[in-house]
Amino acid sequence: MTDAQEIQRRLVELDVEHRDLDAVIELLILDGHHDELQLRRLKKRKLQLKDYITLLKMQLVPDVPA
């Protein structure tokens with residue numbers, strides 16, 4: 001498996017986790033009986049995933065000379 005294929009595979013995994021976290025956060029907010037600390041941790045994890053997804057996507061784009 002090439003590096004690009006591995007990055008693509010990892011991107012799919014992270015996208016799924018990001019969407020799952022989004023759904024969990026939405027359910028917790030709608031439920032109204034949520035733990036604020038848990039909610040903050042889930043949101044922080046979601047942001048970390050987004051940043052990591054962005055980094056991986058940047059690795060797939062070849063460098064263009066200025």
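## Starting point: arginine 10

Arginine 10 sits in helix α1; helices here are DSSP runs of H or I with at least four residues, strands are runs of E with at least two, and both are numbered from the N terminus. The model you are looking at is predicted, so local features need pLDDT of at least 70 and side-chain atom pairs count only at pLDDT 80 or more, while totals for chains, interfaces and linings use all residues. Residues are numbered from 1 along each chain as its sequence is written, and side-chain values use heavy atoms, with hydrogens and water left out.

With a relative accessible area of 31%, arginine 10 is partly exposed. That class lies between buried (under 20%) and exposed (over 50%), using a 1.4 Å probe and protein chains only. Leaving aside neighbours within four places in sequence, arginine 10 is in contact with Tyr52 and Leu56, where contact means heavy atoms within 4.5 Å. Arginine 10 and leucine 56 are 46 residues apart in sequence, yet 8.4 Å apart in space, C-alpha to C-alpha.

## Two helices

The protein has two helices and zero strands. Its radius of gyration is 16 Å, well over the 11 Å that the globule rule gives for 66 residues, so the protein is more spread out than a compact globule. This radius is taken over C-alpha atoms, and the rule is 2.2 Å times the number of residues to the power 0.38. Along its principal axes, the C-alpha trace spans about 50 × 30 × 15 Å.

The expected span is 1.5 Å times one less than the number of residues. Helix α2 has 25 residues and reaches 37 Å from its first C-alpha to its last, close to the expected 36 Å. Just after α1, glycine 32 takes a positive phi of about 85 degrees.

## Where the helices meet

Which residues of α1 are buried? They are Ile7, Leu11, Leu14, His18, Leu21, Ile25 and Leu28, and they pack against α2 (36–60). An α-helix has 3.6 residues a turn, so residues three or four places apart point the same way.

Across the whole protein, 18% of the 66 residues count as buried. Among contacts between residues at least 6 apart in sequence, 68% join residues at least 24 apart.
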